[in-house]
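Hi there,

Here is the structure I promised to pass on to you. Have a look at it first, and then read on for what turned up in it.

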Amino acid sequence: QLQLVESGGGLVQPGGSLKLSCAASVFTLDDYTIGWFREAPGKEREGVGCITFSNGGTRYKDSVQGRFIISRGDAKNTVYLQMNSLKPEDTGTYYCAGLRTGVLFGSCMTITYDYWGQGTQVTVSS
């Protein structure tokens with residue numbers, strides 16, 4: 001099975017930035033789609049954004065559009081979530097998830113992911 005490990009979470013003030021990493025237990029993620037999700041206490045898990053490695057295409061939740069950027073790392077088994085202009089409502093446990101899609105015909109925001117990381121906590125507070 002695919003193993004995913006997130007890192008980079010922490011406490012940051014509103015307006016600050018964090019960069020999360022997701023490292024996978026494969027040589028390359030070229031055959032995969034990777035999604036970023038977050039979960040706040042008492043709320044359902046929601047998709048933040050995603051990337052299809054076959055073409056580098058990305059999608060984002062409307063509330064993070066223009067503030068968050070998902071990118072592939074120089075190491076082809078790594079994906080990043082750069083978070084800028086952070087707001088208190090961005091607080092939550094962030095997860096990366098993977099699915100071996102190959103070429104994806106559809107939105108990576110709607111697919112069901114098979115593999116999940118352990119999560120990393122992001123707290124935005126003054």
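A residue counts as buried under 20% relative accessible area, as exposed over 50%, and as partly exposed in between. Tryptophan 116, with a relative accessibility of 32%, is therefore partly exposed. Please keep in mind that this is a predicted model.

**The aromatic rings**

Phenylalanine 37 and tyrosine 113 are both buried.

Phenylalanine 37 also pairs with tryptophan 116, this time in a tilted arrangement, at 4.9 Å centre to centre and 50° between the planes. Here too distant parts of the chain are linked, with phenylalanine 37 in β4 and tryptophan 116 in β10, 79 residues apart. Is phenylalanine 37 buried or exposed? Its relative accessible area is 13%, so phenylalanine 37 is buried. Taken together, the ring pairs make a cluster of Phe37, Tyr95, Tyr113 and Trp116.

Two charged side chains sit on rings as well. Arginine 45 lies over the face of tryptophan 116, 4.6 Å from the ring centre. The other case is lysine 19, whose charged end sits over the ring of tyrosine 80, at 4.4 Å from its centre.

**The nonpolar cores**

The largest nonpolar core is made of 26 residues, and the ones with the most contacts inside it are Trp36, Phe68, Val79, Leu81, Met83 and Tyr94. At least two residues of this core come from each of β3 (18–24), β4, β5 (46–52), β7 (68–72), β8 (78–83), β9 and β11 (120–124). The strand that gives the most is β3, with four residues.

**A buried arginine**

Arginine 38 is in strand β4. This arginine counts as buried, because its relative accessibility is 5%. Which side chains does arginine 38 meet through polar contacts? One is the side chain of aspartate 90, at 2.9 Å, and another is the side chain of tyrosine 94, at 3.0 Å. Leaving out neighbours within four places in sequence, arginine 38 also touches residues including Glu46, Val48, Lys61, Phe68 and Thr93.

**Strands and turns**

Strands β5 and β6 (residues 57–60) run antiparallel and are joined by four bridges. Within that pairing, isoleucine 51 has threonine 58 of β6 as its bridge partner. The hairpin of β5 and β6 has four residues between the strands, and glycine 56 takes a positive phi near 75° there.

Serine 85 has a positive phi too, of about 50°, although it is not a glycine. Serine 85 is placed in the loop between β8 and β9. With a relative accessible area of 41%, this serine is partly exposed.

Threonine 78 lies in strand β8. Its relative accessibility is 10%, so threonine 78 counts as buried. Its side chain makes a polar contact of 3.2 Å with the side chain of asparagine 77. Not counting residues up to four places away in sequence, threonine 78 touches Cys22, Ala23, Leu29, Phe53, Arg72 and Gly73.

Glycine 98, in strand β9, has a relative accessibility of 0% and therefore counts as buried. Apart from residues up to four places away in sequence, glycine 98 touches Leu2, Leu4, Thr33, Ile34, Tyr113, Asp114 and Tyr115. Its C-alpha atom is separated by 9.0 Å from that of threonine 112, which is 14 residues apart from it along the chain.

Best wishes, and happy browsing!

Key
Residues numbered from 1 in each chain as written. Predicted model: local features only at pLDDT ≥ 70, side-chain atom pairs only at ≥ 80, totals over all residues. Heavy atoms only, no water. Buried < 20%, exposed > 50% of the residue type's maximum accessible area, 1.4 Å probe, protein only. Phe/Tyr/Trp six-rings, centres within 6.5 Å; stacked < 30°, edge-to-face > 60°. Lys NZ or Arg CZ within 6 Å of the ring centre and 35° of its normal. Core = buried A, V, L, I, M, F, W, Y, C linked by side-chain atoms within 4.5 Å. Polar contact = N/O pair within 3.5 Å; in protein donor to acceptor, adjacent residues only side chain to side chain. Contact = heavy atoms within 4.5 Å. Pairing = 2+ DSSP bridges.
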